[in-house]
Amino acid sequence: MRRKKVNIFKIGKLYCFKAYFSDKEIFKELSEHYNKEKYRFECGTADERNKIIKYLGEVGFDTNLVEDLSGYLVKIDRFKKYAPILKNSIEQTELGSDRIFLMKDRLSVEQAIEQGAEKYTDEIDSERLVL
């Protein structure tokens, strides 16, 4: 059986990830870390992050800690439709005339590009993504 992969992103002082768990027990176990306004899981310390990584490993998930966000960022003109891109993003912000999205995985980056986004290649400080 193939293990699912979860990217955990360091955004400012938070560790964040987005994943759908079909097993309600997994969600229940992680629910204290769920931010329902942003539809993501998050924690503020390396100790909490390590506990989450250990738990996810025990229930069949591989995790990848991402501190270099560059390969996961896309942009789209802020006046274009972006709802399908938002669905698979971890965070978003506006910068000039663009919306910048941090996508949950490489597949989501590819899908966002198919939906009209472009790779965001400028450097961005992860602190800038925290809204």
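1. Let me start with Arg-78, which is partly exposed at 31% relative accessibility; here buried means under 20% relative accessible area, exposed over 50%, and partly exposed in between, with a 1.4 Å probe and protein chains only. Glu-94, at 36%, also counts as partly exposed. The side chains of Arg-78 and Glu-94 meet in a salt bridge, 3.2 Å from N to O, where a salt bridge is a side-chain nitrogen of Lys or Arg within 4 Å of a carboxyl oxygen of Asp or Glu. Arg-78 sits in the loop between β6 and α3 and Glu-94 in strand β7 (residues 89-95), so the pair ties together parts that are 16 residues apart in sequence. Helices (H or I, at least four residues) and strands (E, at least two) are DSSP runs, numbered from the N terminus.

2. A word on the ground rules. This is a predicted model, in which local features need pLDDT of at least 70 and side-chain atom pairs count only at pLDDT 80 or more, while totals for chains, interfaces and linings use all residues. Residues are numbered from 1 along each chain as its sequence is written, and side-chain values use heavy atoms, with hydrogens and water left out.

3. Back to charges: the count comes to 7 salt bridges. Arg-40 pairs with Glu-42, the closest N and O atoms being 2.7 Å apart, and both residues are buried. Salt bridges with shared partners join Lys-38, Arg-40, Glu-42 and Glu-91 into one network. Another bridge links Asp-47 and Lys-51 at 3.7 Å, N to O. Those two both lie in helix α2, 4 residues apart, about one turn of the helix. Asp-47 is partly exposed at 48% relative accessible area, whereas Lys-51 counts as exposed at 57%.

4. Now the inside. The largest nonpolar core has 13 residues, and those with the most contacts inside it are Phe-17, Phe-21, Ile-26, Leu-30, Ile-52, Leu-56 and Phe-61. Such a core is a set of buried Ala, Val, Leu, Ile, Met, Phe, Trp, Tyr and Cys residues joined through side-chain atoms within 4.5 Å. At least two residues each come from β1 (4-11), β2 (14-17), α1 (24-30), β4 (40-43) and α2 (46-58), and α2 gives the largest share, 3 residues. Leu-30 touches Phe-17, Phe-21, Phe-41, Ile-52, Tyr-55 and Leu-56, leaving aside residues up to four places away in sequence; contact means heavy atoms within 4.5 Å. A second, separate core of 12 residues includes Cys-16, Leu-69, Leu-73 and Ile-100.

5. Leu-73 leads on to the sheet: its bridge partner in β8 is Leu-102. Strands β6 and β8 run antiparallel and are joined by 5 bridges; two strands pair if DSSP finds at least two bridges between them. The open sheet has 4 strands in the order β7-β8-β6-β9, with antiparallel pairing. Its edge strands, β7 and β9, each pair on one side only.

6. Finally, helix α4 (residues 106-114) has Ser-108, Val-109 and Ala-112 as its buried residues. Seen down the axis, they fall within an arc of 105°, so they line one face of the helix; the arc is that of the directions from the helix axis to the C-beta atoms. Exposed Leu-107 and Glu-114 are on the face turned away from the buried side. The cover over the buried residues includes β6 (73-77), α3 (83-87), β8 (98-103) and β9 (118-119). After α4 comes Gly-116, with a positive phi near 105°.
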